[in-house]
Amino acid sequence: MAIAAGAREVFTKGCRDIMRFFIDSADVSEIRDLAATGLVDGVTTNPSLIAKSGRDFVEVLGEICALVPGPISAEVAATDTTSMLAEGRYLAGIAENVVIKVPLTPDGLKACRALTDDGTPVNVTLCFSAAQAILAAKAGARYISPFIGRLDDVGADGLGLIADLVEIYSAYPTFTTEILVASVRNPEHVVEAAKMGAHVATLPPAVLRAMFKHPLTDKGLEAFLADWAKTGQTILKQPSQGTDDAKPTRRRA
Ligand code: E4P
């Protein structure tokens, strides 16, 4: 999991701001709810998530694209390049923010190159090794999706793969492929991937919600509210609340 000296600095220099968060879901009401936090930069879907939603893929995709202005990954279902391209071009026509997701297979990477050359961004999914991630970068992928939780599930080291990718991609600054940490199972995965400088993490809604939580936050807030109640004060005074007299003069911090 260790990153070679200097690699992270070189790598993160190319990153925009802080790690971006995508939501890994096709549940429109969950996405709407989480998007309201202002913390959601994009969405990833896959055939299993669409099946779970029980809804029409194209309809759901259109709704998600309208809801979240960032990149929305939509996965092809075909397995040969020609059909992947047909599906990918159709899905890309649904909204400007669609990113086409293709599996990491020889046909998928051929489709990746063709779609990329057309100007359509591609997310190469089902990546389980550094060797695969090198191929995806060479095929022009906009994103590579290493599935860390599924690696952990089989006793491998998911975060170790992220460390390898950060090191490899940082050695070749002309690679524009971004590491999209996928199959995230818990906030610790997010924290460790962020420490390495991974560009994006796609989070199941429960993981993003869990990131807000800390028992000491709940306990501390409870104590603050109890103490505040003892003062008998209110911050917004009645009855002048909302009038100009009620507004304090703002001084620079
Ligand atoms: C990524 O884009 C995939 O949709 C996803 O992260 C898969 O995760 P899972 O292993 O929880 O199904």
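Mentor: Let us begin with a definition: angles under 35 degrees between two axes count as roughly parallel. Please keep in mind that this is a predicted model.

Trainee: How are H2 and H4 oriented to each other, roughly parallel or roughly antiparallel?

Mentor: Helix H2 covers residues 28-35 and helix H4 residues 57-67, and they pack at an angle of about 5 degrees. Angles under 35 degrees count as roughly parallel. H2 and H4 are therefore roughly parallel.

Trainee: How many charged residues does the contact of H2 with H4 have?

Mentor: From H2, Val 28, Ile 31, Arg 32 and Ala 35 meet Val 60, Glu 63, Ile 64 and Leu 67 in H4. By class, six residues of this contact are nonpolar and none is polar, while the charged ones number two.

Trainee: Which word describes how H7 and H9 lie to each other?

Mentor: The axes of H7 (residues 130-138) and H9 (residues 158-171) come within 10 Å and cross at roughly 40 degrees. H7 passes H9 in a right-handed crossing. An angle under 35 degrees would count as roughly parallel, and 65 to 115 as roughly perpendicular. H7 and H9 are therefore oblique.

Trainee: How many residues of the shell around the ligand are polar?

Mentor: The residues around the ligand include Asp 24, Thr 44, Asn 46, Phe 147 and Arg 150. In this shell, two residues are nonpolar and two are charged, while the polar ones number seven.

Notes: Residues numbered from 1 in each chain as written. Predicted model: local features only at pLDDT ≥ 70, side-chain atom pairs only at ≥ 80, totals over all residues. Axes fitted to C-alpha atoms, helices over the stretch in contact; angles between N-to-C directions. Helix = DSSP H or I, 4+ residues; strand = E, 2+ residues; numbered from the N terminus. Parallel < 35°, antiparallel > 145°, perpendicular 65-115°, else oblique. Left-handed = near helix turned anticlockwise from the far one by under 90°. Near = placed C-beta within 6 Å. Nonpolar A, V, L, I, M, F, W, Y, C, P; charged D, E, K, R; others polar. Contact = placed C-beta atoms within 7 Å.
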